Amino acid sequence: MSRRPISFALGVAALAACALAGAAGSPVMPSYLAAWLVLVALPVGALPLLMGLELAGFAAGPMAASLRRLLGLLPIAGLLLLPVLLSLNGLYPWDRGVPPRTPFAAVWFTPLFFILRSLAYLAAWLWLANTFRRPAAEPGSPAADRRRNRAVLGLILTTVTGTLAAEDWVQSADPGLASTAFGLLVMTIQAGLALSAAALIAARDSSGRPGRDQRTAAAFADPILVLLAIWGFVHACQYLTVWSANLPEEARWYLARDGALGRLGVWAGIGVMVLAVLVLIPRRTAGRPALLAGIALLILLLHGAEIFWLVTPGFRGAFKFTWADALALVGVVGVAGGLYGPVDRRLRGQVS
């Protein structure tokens, strides 16, 4: 029996349990929001990477092929955003009667404007995905020139929409951290999730093919290290700014994410970075796809947990992983896994 119907049925059952718990008064929507953000990060994080590869002339390589596979999740993520848009009542502080910080925030953070912006972000990303879902065009052809031009425009568009979406969907859930680098941090997390998922796909596809194993390891090693370095740098700069400036609101934001689980996450992040340096710089993954897959899986889990770390303490006052988080994650991943095959085949049919 195919695993996709099982995945879909399990996901629907988990989301139904979340809905019943929500109807009984349990606060499950923050968990659903975090789980949905993990899902949408995969295709959204893949887009700028694909456009960068297009401009660098590597659109025909194994990394681009794996990243293109993730774009089929974007329509599913758009569908699964509907529960969030239909449950805004009380989900965000600006919709719970918390006074806005500025007159502009009073206009910007209104339910109707929030919904319209969210749909605009998805529309822009779907438009770009429709182009970069296609295999690379012949170098020097008019189609290749058009794709390069759209890649330049797309990188600008994803930078703007990604920054605004990070502010809307993540930062406004707990606005204590007023950081101008927050959008860059979220986009780095999204790119890390997408790249690690693509590495898992490529490692699976190249397993047992010695020549292809080495090309896969070479293609993913440096980008993974660069993204980890950027991610660690942004986190460190943001924390040092708050510490050195003695900002009470921002300090409270970090304190809500402290505790045993939060500190464990910090050490896990440092450990993953050190392990990646020790394994990827000497190219120890060459010919060993399982080793590359192991590093990629650790990064995937780290960034997925980090999204819950960013979102859920704003609703609970502390970082902890609850049964609602587990149910929502199983539900979103299960439904997406069940729908991915038919959606991806339909999109590939349209592209061809």
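## A tour of salt bridges, a patch and a pocket

Start with Asp325 and Arg316, whose side chains meet in a salt bridge at 2.7 Å, N to O. You are looking at a predicted model. Now colour the pair by accessibility. Asp325 is buried, because its relative accessible area is 1% and the limit for buried is under 20%. Arg316 is partly exposed, at 25%. This pair belongs to a set of four salt bridges. Two others come next.

**Stop two: Glu54 and Arg147.** Select both side chains. Their closest N and O atoms are 2.9 Å apart, and they form a salt bridge. What does this pair tie together? Glu54 sits in helix 2 (residues 29–56) and Arg147 in helix 8 (residues 142–170), so the contact joins parts that are 93 residues apart in sequence. Show both helices to see it. Glu54 counts as buried, with 8% relative accessibility. Arg147 counts as buried too, at 8%.

**Stop three: Arg117 and Asp168.** Stay on helix 8 and pick Asp168. The side chain of Asp168 meets that of Arg117 in a salt bridge, 2.7 Å from N to O. Arg117 comes from helix 7 (residues 111–132) and Asp168 from helix 8, so this pair links parts 51 residues apart in sequence. Buried or exposed: which is Asp168? Asp168 is buried, with a relative accessible area of 0%. Arg117 also counts as buried, at 6%.

**Stop four: the second largest pocket.** Its volume is about 550 Å³. Select Arg101, Ala105, Phe109, Glu167 and Pro175: of the 21 lining residues, these are the closest to the pocket's centre. Two elements each give two or more residues to the lining, helix 6 (103–108) and helix 8. Which element gives the most? Helix 6 does, with four residues. Now colour the lining by class. You will find 14 nonpolar, five polar and two charged residues.

**Stop five: a nonpolar surface patch.** Switch to a surface view. Select Val266, Trp267, Ile270, Val274 and Leu278. Together they make a nonpolar patch of about 520 Å².

**Before you close the viewer.** Arg147 and Asp168 both lie in helix 8. Arg147 bridges to Glu54, and Asp168 bridges to Arg117. Helix 8 is also one of the elements that line the second largest pocket.

Methods. Residues are numbered from 1 along each chain as its sequence is written. This is a predicted model: local features need pLDDT of at least 70, side-chain atom pairs count only at pLDDT 80 or more; totals for chains, interfaces and linings use all residues. Side-chain values use heavy atoms; hydrogens and water are left out. Buried means under 20% relative accessible area, exposed over 50%, partly exposed in between (1.4 Å probe, protein chains only). Patches are made of residues with over 30% relative accessible area and no salt bridge: like charges are joined within 9 Å, nonpolar side chains (Val, Leu, Ile, Met, Phe, Trp, Tyr) within 5 Å. Accessible areas come from the Shrake-Rupley method with a 1.4 Å probe; for residues, only the protein chains shown count as cover. On a 1 Å grid over the protein atoms alone, a cavity is a set of points where a 1.4 Å probe fits but cannot get out, and a pocket is an open set with protein on both sides within 12 Å along at least five of seven lines; lining residues have an atom within 4 Å of a point. Grid points are joined across faces, edges and corners, and a volume is the space filled by probe spheres set on the points. Ala, Val, Leu, Ile, Met, Phe, Trp, Tyr, Cys and Pro count as nonpolar, Asp, Glu, Lys and Arg as charged, and the others, Gly among them, as polar.
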